[in-house]
Amino acid sequence: MFPFFSYFNIFLLYVALFLWRPCFPARIVPQSITVITSQSETHNATWHDFSKFLHAERGSHVSGMSELKRYFHRFGYLSLPETTSNFTDTFDSEFESALVRYQKRLGLPVTGKLDSDTISAIVAPRCGVSDTGTHGIHATRHFAYFNGKPRWMRDSPMTLTYAFSPYNMIERVSVPETRTVFQRSFARWAKVIPVSFQETEEYDKADIKIGFYLGDHGDGEPFDGVLGVLAHAFSPQNGRFHLDAAETWSVDFDREESRVAVDLESVATHEIGHVLGLGHSSVKEAVMYPSLSPRRKKVDLRIDDVEGVQALYGSNPNFTFSSLLQSENSLNLAVGFDTAFSKWPFSFTLALFIFSLFA
């Protein structure tokens, strides 16, 4: 009697409504920062207290903001005051300008205020290498280089050797596990550029020297305990690669229950990018983005990482972008499909389904 509302037509209508969504460019939502409440795991979380500055804007005066300004100075966004030796606790125009530069560089909404996205980025554990400006980083639209674009100067294809310090390793991760993690991390970069990496036992003669250190370890960049700065590495052809021994390093989150556990392979892959000459990227999905949340694994090179390092060394003749594009498209498709349910209210979807059953 009502052919338009046949079971088949209702089914097609339901499927169409369920699958339809506006064709906006794919965007991966920034991962939120977990608020850690265990006192035993947070007493050294360097920047956790910066969350109290949420919603501060120009003209605000908040006790302790001078520490936040020192953070911005450390990572290359704010110069030391000219008239005094210390930063003030006032949100002044200089700090607002630094905040805008920070938001632009890290791909955040540019508000000039300490909004939730910006605070989340600030308190996230991160690499100790400066992002820009006053510390000698040359930024492009996305990826960046150290000032002067230094690179390893060897005949191509080149081989770089690496070694682990015989005196500065950690017990939490065994030496064989550490070696395996670094083999995989070096292999990712070797896949895209004509550079190979070979482990050697001769630490003093190695091109890249890797070790775990606590606090002030003599290179002018002291570590700060749990979270905060995770690691740092120096530009070519220095080769020093240091990780904070105080971190809860992990190679398998299924075996590690700590909420402040940090994935060793993700950090290793990131720091190798610095050893090769890359600075920090403003692309959140890139390996060379400066921060990494606890218990997050981020090891796969993205197009931005590859384009940056290939501009320094050229392309591995066996590498093609097609496989990388396919991988990124698959990830974006998965993210988009996962959000399909959210395009329609659950009550509407349920009502439509029930209607199809009884129509």
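What follows takes up the aromatic pairs, then the charges placed over rings, and then a helix.

The model is predicted, and the count of aromatic pairs in it comes to 20. Among them is the pair of Phe 72 and Tyr 77, which is edge-to-face because the ring planes stand at 65°, over the 60 degrees that this class requires. Phe 72 is buried, with a relative accessible area of 0%, and Tyr 77 is likewise buried, with a relative accessible area of 2%. The rings of Phe 143 and Tyr 145 also form an edge-to-face pair, and both of these residues are buried.

| Pair | Distance between ring centres | Angle between planes |
|---|---|---|
| Phe 72 and Tyr 77 | 6.1 Å | 65° |
| Phe 143 and Tyr 145 | 5.6 Å | 65° |

Phe 72 and Tyr 77 belong to one aromatic cluster, whose members also include Trp 47, Phe 50, Phe 53, Tyr 71, Phe 75, Phe 91, Phe 95 and Tyr 102. Within this cluster, Phe 75 has Arg 126 over its face, at 3.7 Å from the ring centre. Tyr 145, the partner of Phe 143, has Lys 149 over its face, at 4.7 Å from the ring centre.

Helix α7 covers residues 264-276, and its end C-alpha atoms are 18 Å apart, which agrees with the 18 Å that its 13 residues should span at 1.5 Å a residue. Because 13 of the 13 residues of α7 are buried, the helix is largely enclosed by the rest of the structure. Gly 277 follows α7 and has a positive phi, near 120°.

Notes
Residues numbered from 1 in each chain as written. Predicted model: local features only at pLDDT ≥ 70, side-chain atom pairs only at ≥ 80, totals over all residues. Heavy atoms only, no water. Phe/Tyr/Trp six-rings, centres within 6.5 Å; stacked < 30°, edge-to-face > 60°. Buried < 20%, exposed > 50% of the residue type's maximum accessible area, 1.4 Å probe, protein only. Lys NZ or Arg CZ within 6 Å of the ring centre and 35° of its normal. Helix = DSSP H or I, 4+ residues; strand = E, 2+ residues; numbered from the N terminus. Expected span 1.5 Å × (residues − 1).
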